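Below is a short briefing on side-chain contacts in one protein chain. Look at the structure first, then read the points by topic.

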Amino acid sequence: MVTVGKVDRRARRVPGEEGTWVFLFGDMTVFAVLFGTYLYYRGADPVAFDGSQARLNPTFGVVNTLILLSSSLLVVTAVRAVRQRQNVLAGRLIVGAIMCGVLFVVDKTIEYAQKISHGFLPTSDQFAMYFYGMTGLHLVHVVLGIGLLWFMLALTRRSGLTARQYGYLEGAACFWHMVDLLWIIIFPLLYLVK
């Protein structure tokens, strides 16, 4: 069983399983290459990219940023609640995070539908290709993250977690935070950078 309550400051460790971090850093590396490639091509043709970027509505990006930041706060608080054996509270917090994830998907779907109905397609130009590519890949991560949040919810229903199960809980939380971090980079990169 996991020891909960006061944490010995000398016994600090990296949350989650080691393999989780290999996956997370690998995933972030893929996105970093994508970001770098985008910035390279944006720098080569800033006028075309700015013109296409002007077709975006930053309100969608702001709303999604607030949704994901809220969900990350809920997940952090839920992990802390599990540590303090407040599993009912943790479950409620994770349900809130799941609802935030679903709201993100709905908001992104509305944005895509609006853009497509106005003729802004992935094949419209190079900026559109990067917009749909990056936000679409991120959306896949959000959907996977929602699945991991459901897994976390199932873990909170247990009366006690083994050290391994607690590592899984933390690893799932770390994945969700990575999804949030990626959006915090994607949003200004696509919607704001001129």
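Lys-108 and Glu-111 form a salt bridge, with the closest N and O atoms 2.6 Å apart. A salt bridge here is a side-chain nitrogen of Lys or Arg within 4 Å of a carboxyl oxygen of Asp or Glu. The model is a predicted one, in which local features need pLDDT of at least 70, side-chain atom pairs count only at pLDDT 80 or more, and totals for chains, interfaces and linings use all residues. Residues are numbered from 1 along each chain as its sequence is written, and side-chain values use heavy atoms, with hydrogens and water left out.

**Salt bridges**

- By this rule the count is two salt bridges.
- Lys-108 and Glu-111 are three residues apart in helix H4, so about one helical turn separates them. Helices (H or I, at least four residues) and strands (E, at least two) are DSSP runs, numbered from the N terminus.
- Both Lys-108 and Glu-111 are buried. Buried means under 20% relative accessible area, exposed means over 50%, and partly exposed is in between (1.4 Å probe, protein chains only).
- Arg-42 forms a salt bridge with Asp-50, and their closest N and O atoms are 2.4 Å apart.
- Arg-42 counts as buried because its relative accessibility is 5%, whereas Asp-50, at 27%, counts as partly exposed.

**Aromatic pairs**

- The count of aromatic pairs is 21. Rings of Phe, Tyr and Trp (its six-membered ring) pair if their centres lie within 6.5 Å; planes under 30 degrees apart count as stacked, over 60 as edge-to-face and the rest as tilted.
- Tyr-112 and Phe-131 form an edge-to-face pair, at 6.3 Å centre to centre and 85° between the planes. Tyr-112 is in helix H4 and Phe-131 in helix H5, 19 residues apart, and the pair links these distant parts of the chain.
- Phe-120 and Tyr-132 form a tilted pair, at 5.8 Å centre to centre and 35° between the planes. Phe-120 lies in the loop between H4 and H5 and Tyr-132 in helix H5, so this pair ties together parts 12 residues apart in sequence.
- Phe-120 and Tyr-132 are both buried.

- Not counting residues up to four places away in sequence, Leu-190 touches residues including Tyr-38, Phe-127 and Phe-131, where contact means heavy atoms within 4.5 Å.
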